[in-house]
Amino acid sequence: MNQEKFEIFASCIPGLEQELLSEIKRNSSKQTELMVGGVRLFGDWHDVWRANFYLRGASKILVRIASFRVSHLAQLDKLSHKLNWENILQYKKSFRVETTCRKSKIYHSGAASQRISKAISDKIDAKEDPTSRIIIKTRISSDICTISLDSSGEGLHKRGYKIESGKAPIRETLAALFLEKMKFDGSQVVYDPMCGSGTIVIEAAEIALGLPAGRNRTFAFMELPSFKNNKYQELTKVYQKKINLKFYGSDRDQGAILNSIKNSKKAGVETFCHFTTNSISNVTPPTQKPGIILVNPPYGKRIGDRKKLFALYRSLGQTLSEKFVGWRVGLITSDPGLAKATGLNFFDISSAVDNGGIKVKLYETKINHPQS
Ligand SMILES: C[S@@+](CC[C@H](N)C(=O)[O-])C[C@H]1O[C@@H](n2cnc3c(N)ncnc32)[C@H](O)[C@@H]1O
């Protein structure tokens, strides 16, 4: 599978597949297909490298190795041995296998992993290591076994700029997909008035500057025999766009603001970000021209007490209605009661998506003039 095209699966936070598809389509003309949990595309290793390096909304990039029907472990053992593992994995380099079984005659995931692991060991003379970042992911569902290679390694939300993460940070991939959902195209000002570690502001600045999401990290595919560093360097040159725009964040917690500044410096976008310490009741629009507010206030599950949060959400709603006429607002919260407490009229509420184990929704509105 070194030269030819194969199936590549860009997984994302379930519920935001359409947003990932929009991002992929904007960046390439490849054949794509919307799937549950991500987007399927066809390509070669260069496309795998590029997808990992550029995509902001993808959680992982998986390379499909094989798919076959299987009904017992001996058959899995035989079919796994037929695969050309030596063409895919590095000789003598450790790996690990993760298996899930669902509605199948093979129901013991550990035993299934062991068969595949043995087949790989026999071909590349390497041992399985639970800490290896080369992961073979196997799914046995309704007796169909699908084997993929995780080309990313660490999840793609790890961009490499989060030195300090604060109490309840939003995932970088989720921030990027919600910005996509709000049709942020890099030309609007973005303001997060409860910015915590600055994720939303930094993601917006990077998008506007056209910076690739993965430019400050490494990937598992770099440890595969298909990897050619010269070609990779050629395909992943970073061109920073010239922009005449800043991205704004504020938070009442000074420590959070110091974290945001540190993180924006690490990302190399500090000159395009402006962070200030301020409480929501005192904030004012950072620019005359209205832009986009994307904010995730405390939800009350991990930080804060829900009762006190009603007052906070009321204050947020009041500040936005009074001072931010013309701005588009995206509110991220897990609690419909708290969203209602803002008093804002939301024209769109997304389906529930996962943010670090908590289901959240994006509530969208535009602040209209009080008379309209
Ligand atoms: C869920 S966190 C935001 C996380 C952020 N999106 C990130 O990625 O790190 C909520 C933030 O709201 C801030 N906050 C709480 N009450 C506030 C208030 N009255 N005014 C401004 N910020 C407030 C907290 O300090 C906290 O940083």
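Visitor: What makes a set of residues the largest nonpolar core here, and which residues touch the most other members?

Guide: A nonpolar core is a set of buried Ala, Val, Leu, Ile, Met, Phe, Trp, Tyr and Cys residues joined through C-beta atoms within 7 Å. Buried means that 20 or more other C-beta atoms lie within 10 Å of the residue's own, with C-beta atoms placed from the backbone. The largest such set holds 105 residues, and Ala10, Val190, Val201, Ala204 and Ala205 touch the most other members. Helix 7 (residues 199–209) gives the largest share of this core, 8 residues; a helix is a DSSP run of H or I with at least four residues, and a strand is a run of E with at least two, both numbered from the N terminus. At least three core residues come from each of domain 1 (6–150) and domain 2 (172–212 + 234–366). In soluble globular proteins, nonpolar side chains tend to be buried together.

Visitor: How do you know which model and numbering apply?

Guide: This is a predicted model, in which local features need pLDDT of at least 70 and side-chain atom pairs count only at pLDDT 80 or more, while totals for chains, interfaces and linings use all residues. Residues are numbered from 1 along each chain as its sequence is written.

Visitor: With which residues is Val201 in contact, leaving aside neighbours within four places in sequence?

Guide: Contact requires C-beta atoms, placed from the backbone, within 7 Å. By that rule, the partners of Val201 are Val190, Asp192, Cys195, Phe247, Tyr248, Gly249, Ser260 and Cys273.

Visitor: Why does the radius of gyration of the protein agree with a compact globule?

Guide: The radius is taken over C-alpha atoms, and the globule rule is 2.2 Å times the number of residues to the power 0.38. For 372 residues a compact globule would have a value near 21 Å; the protein has 23 Å, so the two agree. Of these residues, 44% count as buried.

Visitor: Where are the domains, and how many residues of each are in contact?

Guide: The bounds, from an automatic or database domain assignment, are 6–150 for domain 1 and 172–212 + 234–366 for domain 2. On the domain 1 side, helix 2 gives the most, with 5 residues. The centres of the two domains, over C-alpha atoms, are 34 Å apart.

Conventions. Buried ≥ 20, exposed ≤ 12 C-beta atoms within 10 Å, placed from the backbone. Contact = placed C-beta atoms within 7 Å.
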